[in-house]
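This report walks through one protein chain, part by part. Please look at the sequence and the structure before reading on.

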Amino acid sequence: MKQITLIKPYEFEERNVEIPILKKGELLVQIKNIGICGTDIHAFHGNQPYFSYPRVLGHELSGIIVDAKIDNNSLLGKPVSVLPYLSCGKCNSCVRGKTNCCAQLKVMGVHVDGGFGEYISVPVDNIMVGREETDLEHLSMIEPLSISYHGIMRADILKNDWVIIFGAGPIGMGAILFAKSKTDKIILIDINQNRITYCKSTLGIEHSFNGNDETLFEEIKELTNGHFADIVIDATGNKKSIQQQLTFLGHGGKWILIGLQREDLHINHPEFHKREATLMSSRNATKHDFDQVMDKIDRKEIDPALLITHTLDFKEVVNSFSTFIGDQTLIKGIIKVDELKK
Ligand SMILES: [Zn+2]
Ligand SMILES: [Zn+2]
């Protein structure tokens with residue numbers, strides 16, 4: 001089978017390798033779609049924390065089960081989404097059901113090899129079987145959407161809450177989709193005018209601001225009647241943005257960091273204290289989140305297609321990845337592996 005390895009920053013290599021031999025409890029997935037994530041882009045540029053080369057990227061995967069080493073064969077031929085988080089099942093957080101932040105967590109495509117190839121072997125517990133009617137492209141969107149969903153669940157938004165979402169990448173946009181079912185009072189802040197415009201026209205976001213706008217603070221103050229936000233969500237992973245987000249949080253509010261950056265954060269203690277603020281991180285997602293997101297897609301409560309702007313043929317990855325991810329209009333790009341046989 002064909003597989004693409006990131007040898008070192010900026011260099012992919014296509015190799016012919018053996019199709020994985022299944023161990024007991026594993027399934028063989030013929031990969032159909034691979035979503036490209038910020039993590040893949042950081043790894044390509046050589047600035048992803050905790051990352052080593054060579055590595056086969058790809059953790060936003062959908063495909064078809066073509067072989068199984070489990071007790072029943074009823075899963076053969078089923079469309080699936082892969083849950084790429086390999087949790088230990090034994091640590092304190094796993095025992096409490098928080099497999100998303102397992103102390104020994106390994107993510108496929110990040111800490112171990114992922115799905116930039118024709119096939120991947122996956123433990124049965126890491127498979128989410130799609131409904132027959134679910135689009136395979138949509139199944140590859142369940143992972144990033146579940147990350148947004150997990151963050152929104154942590155926020156526990158009430159009906160009339162003002163929610164500010166910083167960052168209009170795929171994770172921020174996913175957060176908008178899920179927050180919309182909780183409250184009408186959503187504010188989007190980003191510094192990329194293209195993305196702000198996209199969120200307005202495609203996601204119907206009414207209140208959006210440019211983070212570089214000098215009157216931002218006053219405008220948010222006025223819009224929220226001086227109360228600021230009940231919930232602030234970071235989906236930028238940008239230190240400069242995160243450092244100013246507390247200013248926009250109202251008293252009694254919650255601040256949820258879905259985004260991640262490498263450095264220390266400095267929080268003004270009196271500002272944090274007087275709000276009796278709650279600060280939370282939100283890491284990955286659980287199988288329950290995947291299940292909920294799959295349900296919402298099937299019930300057409302959310303449409304993953306709204307986030308997909310570009311596709312790339314698997315055969316083009318080695319030569320065109322750099323140009324592809326450099327496109328300023330890219331929001332979510334999907335690699336199509338199903339074209340390989342043609
Ligand atoms: Zn991702
Ligand atoms: Zn664990």
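## Helix α4

In this predicted model, the buried residues of α4 are Ile142, Glu143, Pro144, Leu145, Ser146, Ile147, Ser148, Tyr149, His150, Gly151, Ile152 and Ala155. That makes twelve of the 14 residues in α4, so the helix is mostly covered. A residue counts as buried if 20 or more other C-beta atoms lie within 10 Å of its own.

## Two domains

How is the chain divided into domains? The domain assignment gives domain 1 as 2-141 + 307-341, and domain 2 as 147-281. Domain 1 is therefore written as two stretches of the chain, while domain 2 is written as one.

The centres of domain 1 and domain 2, taken over C-alpha atoms, are separated by 29 Å. Where the domains meet, eight residues of domain 1 are in contact with eight residues of domain 2. On the side of domain 1 that touches domain 2, three residues are nonpolar, four are polar and one is charged.

Strands of a sheet pair through backbone hydrogen bonds, either parallel or antiparallel. Here an open sheet of six strands has parallel pairing, in the order β12-β11-β10-β13-β14-β15. Its edge strands are β12 (207-210) and β15 (278-281), and each of these pairs on one side only. On average, neighbouring strands of this sheet are turned by 20° against each other, with direction ignored.

One pair of strands can be followed in detail. Strand β11 (residues 186-190) pairs with β12 in the parallel sense over four bridges. The bridge partner of Asp190 in β12 is Asn210. Helix α4 packs on the sheet, where it touches β13 (229-234), β14 (249-257) and β15. The direction of α4 makes about 150° with that of β14. Helix α6 (residues 193-203) also packs on the sheet, touching β11 and β12. The direction of α6 makes about 175° with that of β12.

## An enclosed helix

Why is helix α5 described as largely enclosed by the rest of the structure? Helix α5 covers residues 170-179, and ten of its ten residues are buried, so the rest of the structure largely encloses it. The buried residues are Pro170, Ile171, Gly172, Met173, Gly174, Ala175, Ile176, Leu177, Phe178 and Ala179.

The cover over the buried residues of α5 includes the helices α4 and α6. It also includes the strands β10 (163-166), β11, β13 and β17 (332-336).

Most residues other than glycine have a negative phi, and most peptide bonds are trans. Asp156 has a positive phi of about 50° although it is not a glycine. With 13 C-beta neighbours inside 10 Å, Asp156 counts as partly exposed.

Phe228 is not a glycine either, and it has a positive phi of about 65°. Phe228 is in the loop between α7 (216-223) and β13. Is Phe228 buried or exposed? Phe228 has 22 C-beta neighbours inside 10 Å, so it counts as buried. The peptide bond from Tyr53 to Pro54 is cis, with omega near -5°. Pro54 is in the loop between α1 (38-45) and β4 (60-68).

Lys2 lies in strand β1 (residues 2-8) and counts as partly exposed, with 15 C-beta neighbours inside 10 Å. Lys2 and Phe116 are 114 residues apart along the chain, and their C-alpha atoms are separated by 8.7 Å.

Cys101 is in the loop between α2 (92-95) and β7 (106-107). Cys101 has 17 other C-beta atoms within 10 Å, so it is partly exposed. Which residues is Cys101 in contact with, leaving aside its neighbours within four places in sequence? They are Ser93 and Arg283. Cys101 and Arg283 are 182 residues apart along the chain, yet their C-alpha atoms are separated by 6.4 Å.

Notes. Residues numbered from 1 in each chain as written. Chains lettered and ligands numbered in written order. Predicted model: local features only at pLDDT ≥ 70, side-chain atom pairs only at ≥ 80, totals over all residues. Contact = placed C-beta atoms within 7 Å. Nonpolar A, V, L, I, M, F, W, Y, C, P; charged D, E, K, R; others polar. Helix = DSSP H or I, 4+ residues; strand = E, 2+ residues; numbered from the N terminus. Pairing = 2+ DSSP bridges. Axes fitted to C-alpha atoms, helices over the stretch in contact; angles between N-to-C directions.
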